[in-house]
Amino acid sequence: MANIKQLSELPQRLSPGHSMCGGCGATIAVRQILMGAGKTPVVCSAATGCLEVSTTTFPFTSWEGGFIHNTFQSSAATMSGVEAAFRGLKRAGKIPADKDIKFVAFGGDGGTYDIGLQALSGALERGHDFLYVCYDNGAYMNTGIQRSGATPYSAWTTTSEVGDAVPGKRHFEKDLTSIVAAHHIPYAAQASISNWNDLVTKATKAMDIDGPTFLNVLAPCPRGWRVPFDQAVEIAKLGVQTNYWPLYEVENDVWKLTENRRKLPIEDFLRPQGRFRHLFKPGNEHLIKEFQTNVDRHYAYLQARVAGSEAYKDALEEAGLPLISDDGLALESGSVQPFQQ
Amino acid sequence: MPDVTVLASSGDQMVAEAFRQANPDVLPVYPITPQTIIVEEFDKFVAQGKVHTEFVPVESEHSAMAAAIGASAAGARTVTATASQGLAYMWEELYVAAGMRLPIVMANANRALSAPINIHGDHSDIMGCRDTGWIMYFAENAQEAYDDTLMAFRVAEHPDVMLPVATTLDGFITSHALERCELLDDETVAAFVGEYKPERSLLDTDNPNSFGMFANLGNFYMETKLAMRKAMEGSLDIIKSVGKEFEAVSGRPFEVVKTYGTEDAERVIVVMGSSIGNVRHVAKQLRAKGEKVGVVGLRVFRPFPSNELVAALKDAKAIAVMDRCETVGGQGGPLWQETAAALQSVGITTPTRDYMYGLGGADVTVQLIEEIFEDLKTLEADKAAGKVADVTYKGNR
C-alpha cells in the first residue's frame, strides 16, 4: 500500500513545463507510476505520441532520468535493447554488477493495442526485465482523435464518425490486458489514474519483479472524450465504478480483482462525455444496452478468471508444480541454470 | 606479425567471425535469407561462451533495429545483420539510428526485393537505404566482407563520425560461396578494433540524457541534417586512414575506389560489389589483346567518393556504369546517377551509359561484360548523333 505522505516526498521524475494539455490523464499516470520506483534511478522510453512530443521539445526535456523515443511502434523493442545493453555491459564488466536501474516503457493505446502490439509481444516473450505501461485514452489523440483498437463501442472519433448511416465505432475494444496475460509473464494489471493508491501499489509491485511486467492504465483525454479539462480523474473514477474499466491484476497467472467498487449503470460513465452524446438521443437506447451488455459480459469473464484461478492453484498444488515465478525460470532472459550438454 | 588462419569460408561466416572478434555488447537480429548464416554462426559463439554479447532474437527486423537503437543509445557496442525485405522493413528505423548518431554496425547480404519474390543477389534492398545517413561499404568478396566489418567499428565509433555503418556483401555470390579467406588472430583484431567508449549513455544515471527528441520548432531539424552531412563527408578521410591502418595490419591494400587499367583506358566500366572481379577478369583478357579498357570498382558508396571516382575516370573516352538496382522511371540506376553527377560537377562531358544487369541474381557472364565493352565503342558516335544514352538491359531473356 502506498502512503500519500511518503509519496509526496519522492523525487519528481517528470518536470513541469511540458506542453501536455491541462488535465491530461497521461501525465498523471506517468508521475504516479514513476513514484513506484522509489529512489532507484529510472530509464524510460515512449512511443511516438502526445507524451513524447510534449515532453521533449528540443532543446528541453521534462524527463529527469534517461529517456528515449524511437518510433511509434517500437517503445517495447527499443526498451528491450536498452535492457539488453544493461545486461551485456554488466557481463562485460563495463557497468558495476550491483548497479540498479528500473526500466519503464510507455505507449499510448495506439502504440500498444495496434501498431506496437507485435513489438510488445516479442519483448514479453523474450523475458526482458522492464515494466511496459499502456496509457489508454481510447483513441489516437495526438493525431486528432482517430479510433484505435481501444476505442469503446459506439464512441465518436474522427474516423468513427456519427451520421445517419453509422452510429460511431462499430466494434468492441480489444482485450489487451488478457492478451498480455496470455504471455504468462509474472505480472500484468489494469489500473486507473483515479485510484492512485491502487496504481502506485501495482507500479511498485511490477517494478520490483525481475522480468517483464505490464500495466494498462485508464488515462482519459479530456479533448478526445469531450469532457471539461478538470474532469479527467472524475471520469476515470466513473469508468472504474461502472465496471467499464475493472481494476485487477494477474500475478503468476492468478487473477484477482483489486478494488471493491460501487456498481453504477454504464450511463453514468457515458453521459458526461461528448463522444457518447448521440447515444442519448431518443431511439438509440439499444446502443447503451449493447454497451452495458458488453461491460457486464466482460466483468463476468473476469470473475470467471478469478474463480478459475482458485482451481488453477489447487491443480498446481495437487500436481506439486510451482507458480510461474517461484521456480525462477524465464524471468531474467539470458540466465540459465548450470547444465550438461 | 599477426597469426593468420587460412580457411575456406563463405562471406556470411567471415562476417560472423568479425562480429565475434569485435565482441559486441548487444546483437539483436532476425533471420532472413541470405543473411542467416551470420545469425546462426554468431549464435553458436554465444552458446559456446566465446563472446559476452547479449543476443536478442527479436520478432522482426523492425524490432531488430529498434532494439539496436536502444542498445546503442545505452552505450553498448551494437551490431546486427539483415537482407532484402528485412532491410526494407527496418527502413524507418535506419533514419532514426543515423539521426541519433548511433555507431551501429550492420551487415547486409544484398538481395532483390519482392515482387516477384526472389532470394538472390542484387542491390535493390541496400540502394533503397542510400539516403538514410548510413555509411556503406560494398565487399567484392568474402575477404573484403570480413575486412570491411572490422574497419566499420573504427569508422562508426570515431568521435568525428558517429554514424551507423552498413557493410554489404552480395547475396549468395559472396554470402554463401566458399572462398579462400584469411582470418586474423583475435588479439590482433581486438587491438585494431579497440573498445567503444560512448560519450553519452542512457545508462549514465548521474548524467541523464534524452534521446530521440522532438525538433519541430526553429531550424533544429535542418541543423541536425547539416551536422550529419558534414560528419558523413568527413568520414571519407577516416575511412581511408582506418583502411591504411588495416592495410598495415593485414597486408591487404585498401582503396575506396579500386582501379584497373585506368591509366591508359579509353573504355571504362564502373561497377560495385561481387561483379568487380568478373569485370576485371574480362578487362584483363581484352587488354591482353591490346584493347584499352579499364575497371573502376567502388568499395565505399556512402559517402560517395566523387573526387576519387572522377580522378579514375577523367581520361576515359566512354564510360559504362553497371547498376544492379532498378529505379523504375528514373533516368538511370543509383550508381549511374551518382557517377554522372560527379563527372558533370567538374565539367567532364565524357559519354556515359547505364547498364542494368544481374537483377534478382541473373547471371553475370563473360559475354555480357564483353558486350558492354564493345557497346562503348559506339557510345561517342551515338552521342554525336543525338541518341540519348538510355538505360540498357543486359543479360535478360
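Predicted model: local features only at pLDDT ≥ 70, side-chain atom pairs only at ≥ 80, totals over all residues.
Within chain A, strand S4 (residues 131–136) and strand S6 (residues 213–218) run parallel and are joined by 6 bridges. If you want to find this pairing on screen, look for Asp136(A), which stands opposite Leu218(A) in S6(A). Where chain B joins the sheet, S2(A) and S9(B) also run parallel, with 2 bridges between them. There, Phe67(A) has Ser210(B) of S9(B) as its bridge partner.

**A second sheet, in chain B**

Chain B has an open sheet of 5 strands with mixed pairing, ordered S4-S5-S7-S6-S13. Strand S4 (79–82) and strand S13 (300–302) of chain B are at its edges, each paired with a single strand, so one side of each is left without a neighbour in the sheet. From one strand to the next, the twist averages 20 degrees. Helix H7(B) packs on this sheet and touches S5, S6 and S7 of chain B, its direction making about 170 degrees with that of S7(B).

| Strand pair | Bridges | Direction |
|---|---|---|
| S4(A) and S6(A) | 6 bridges | parallel |
| S2(A) and S9(B) | 2 bridges | parallel |
| S5(B) and S7(B) | 6 bridges | parallel |

**Helices of chain A**

On the H4(A) side, Ala76(A), Ala77(A) and Ser80(A) take part; they meet Ala119(A), Leu120(A), Gly122(A), Ala123(A) and Arg126(A) of H6(A). By class, this contact of H4(A) with H6(A) has 5 nonpolar, 2 polar and 1 charged residues.

Is helix H10 (residues 232–241) of chain A largely enclosed or left open? Of its 10 residues, 7 are buried, so H10(A) is largely enclosed by the rest of the structure. The buried residues are Ala232(A), Ile235(A), Ala236(A), Lys237(A), Leu238(A), Gly239(A) and Val240(A). The buried residues of H10(A) pack against helix H2 (25–35), strand S5 (187–192), S6, helix H9 (222–225) and helix H11 (267–270) of chain A. Just after H10(A) comes Asn243(A), with a positive phi of about 70 degrees.

**The largest nonpolar core**

The largest nonpolar core has 223 residues, and those with the most contacts inside it are Val82(A), Val104(A), Val133(A) and Val217(A). Helix H7 (residues 142–156) of chain B gives the largest share of this core, 9 residues. At least three residues of the core come from each of domain 1 (4–250) and domain 2 (257–393) of chain B. Leaving aside neighbours within four places in sequence, Val133(A) is in contact with Ile33(A), Val104(A), Ala105(A), Phe106(A), Leu215(A) and Val217(A).

**Where the chains and domains meet**

The contact between the chains takes 41 residues from chain A and 39 residues from chain B. On the chain A side, helix H3 (50–55), S2, H4 and H6 each give two or more residues, and H4(A) provides the largest share, 13 residues. By class, that side has 18 nonpolar, 18 polar and 5 charged residues.

Inside chain B, the centres of domain 1 and domain 2 are 28 Å apart, taken over C-alpha atoms. Their contact takes 26 residues from domain 1 of chain B and 21 residues from domain 2 of chain B. Helix H6 (124–127), strand S6 (135–138) and helix H9 (220–250) of chain B each supply at least two residues of the domain 1 side, with the largest share, 5 residues, coming from H9(B). That side divides into 12 nonpolar, 9 polar and 5 charged residues.

Notes. Residues numbered from 1 in each chain as written. Chains lettered and ligands numbered in written order. Domains from an automatic or database assignment. Contact = placed C-beta atoms within 7 Å. Helix = DSSP H or I, 4+ residues; strand = E, 2+ residues; numbered from the N terminus. Nonpolar A, V, L, I, M, F, W, Y, C, P; charged D, E, K, R; others polar. Pairing = 2+ DSSP bridges. Core = buried A, V, L, I, M, F, W, Y, C linked by C-beta atoms within 7 Å. Buried ≥ 20, exposed ≤ 12 C-beta atoms within 10 Å, placed from the backbone. Axes fitted to C-alpha atoms, helices over the stretch in contact; angles between N-to-C directions.
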